Amino acid sequence: MFYVSQPAPGAHLRLSTDASESGCGAVPEQRVGCNYQPLGFFSKHFNNSQLNYSVFHKELTAAFMAVCHFRHLLDGNCLTLRMDHPPAVQAFTKSPSRGQ
């Protein structure tokens with residue numbers, strides 16, 4: 001794989017993802033000092049089935065595709081997943097309801 005920056009051992013990783021009507025993209029970043037450096041880029045068009053997904057499901061699909069694509073880089077490392085769709089963010093941060 002081609003890296004924009006070389007991964008630094010022990011650096012905090014952040015995976016930023018986003019989805020549009022027709023596809024998704026992602027960039028893994030590492031924290032160096034007070035800044036984040038991009039490590040690579042990923043984009044993919046949605047297939048015919050994915051084009052019919054709701055915005056919520058497109059955002060989750062973007063995150064899933066990005067994790068799969070950059071698995072070799074993310075495996076065994078702690079990371080922060082960064083998304084801009086509030087309901088998708090809540091799905092990851094909200095504690096599960098009991099009894100439902």
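Tutor: The discussion below takes the terms in turn and sets values against definitions. Please keep in mind that this is a predicted model.

Student: Which secondary structure elements does the protein contain, and in what order do they run?

Tutor: The protein has three helices and five strands. Starting at the N terminus, their order is β-β-β-β-α-α-β-α.

Student: Why is Thr-17 called buried?

Tutor: The term buried requires a relative accessible area under 20%. Thr-17 has a relative accessible area of 6%, so Thr-17 is buried. This residue belongs to strand S1.

Student: What does Thr-17 touch, apart from residues up to four places away in sequence?

Tutor: A contact requires heavy atoms within 4.5 Å. With those neighbours set aside, Thr-17 touches Gly-25, Ala-26, Ala-62, Ala-63, Ala-66, Leu-81, Arg-82 and Met-83. As for Arg-82, its C-alpha is 6.3 Å from that of Thr-17, although 65 residues separate the two in sequence.

Student: How many of the residues of the whole protein count as buried, as a percentage?

Tutor: The figure is 33% of the 100 residues. The protein exposes about 6,700 Å², and carbon and sulfur atoms supply 54% of that area.

Student: What makes a group of residues a nonpolar core, and which members of the largest one touch the most others?

Tutor: The members must be buried residues of the nonpolar kinds, joined through side-chain atoms within 4.5 Å. The largest such core here has 14 residues, and Leu-15, Cys-24, Ala-26, Phe-42 and Phe-70 touch the most other members. At least two residues of this core come from each of strand S1 (13-19), strand S2 (23-32), helix H1 (55-69) and helix H2 (71-74). In soluble globular proteins, nonpolar side chains tend to be buried together.

Student: What is Ala-26 in contact with, beyond its neighbours within four places in sequence?

Tutor: Its partners are Leu-15, Ser-16, Thr-17, Gly-40, Phe-41, Phe-42, Ala-66 and Phe-70.

Student: Why is S2 described as largely enclosed by the rest of the structure?

Tutor: S2 has ten residues, and seven of them are buried; therefore the description applies.

Student: How do you know that S2 pairs with other strands?

Tutor: Pairing requires at least two bridges between two strands. S1 and S2 have seven bridges and run antiparallel, with Ser-16 opposite Val-27. S2 and S4 (residues 42-45) have four bridges, also in the antiparallel sense, and Gly-25 stands opposite Ser-43. S2 and S3 (residues 35-38) are likewise antiparallel, with four bridges, and Gln-30 faces Gln-37.

Student: Where do hairpins occur, and how many residues lie between their strands?

Tutor: S1 and S2 form a hairpin with three residues between them.

Student: What makes the span of H1 close to the expected value?

Tutor: H1 has 15 residues, for which 21 Å is expected at 1.5 Å a residue, and from first C-alpha to last H1 reaches 21 Å. Among the buried residues of H1 are Lys-58, Ala-62 and Ala-66.

Student: Why is the pair Arg-14 and Glu-29 called a salt bridge?

Tutor: The nitrogen and the carboxyl oxygen must be within 4 Å. For the side chains of Arg-14 and Glu-29 the N to O distance is 2.9 Å, and they meet in a salt bridge. Arg-14 lies in strand S1 and Glu-29 in strand S2, so the pair ties together parts 15 residues apart in sequence. Both Arg-14 and Glu-29 are buried.

Student: How many salt bridges are there by this rule, and what are the other pairs?

Tutor: The count is three. Lys-58 and Glu-21 meet at 3.6 Å, N to O. Since Lys-58 lies in helix H1 and Glu-21 in the loop between S1 and S2, the pair ties together parts that are 37 residues apart in sequence. Asp-75 and Arg-71 form a salt bridge with their closest N and O atoms 3.8 Å apart, and both residues are exposed.

Student: Are Lys-58 and Glu-21 buried or exposed?

Tutor: Lys-58 counts as buried because its relative accessibility is 4%. Glu-21 has a relative accessible area of 60%, so Glu-21 is exposed.

Notes: Residues are numbered from 1 along each chain as its sequence is written. This is a predicted model: local features need pLDDT of at least 70, side-chain atom pairs count only at pLDDT 80 or more; totals for chains, interfaces and linings use all residues. Side-chain values use heavy atoms; hydrogens and water are left out. Buried means under 20% relative accessible area, exposed over 50%, partly exposed in between (1.4 Å probe, protein chains only). Accessible areas come from the Shrake-Rupley method with a 1.4 Å probe; for residues, only the protein chains shown count as cover. The expected span of a helix is 1.5 Å times one less than its number of residues.
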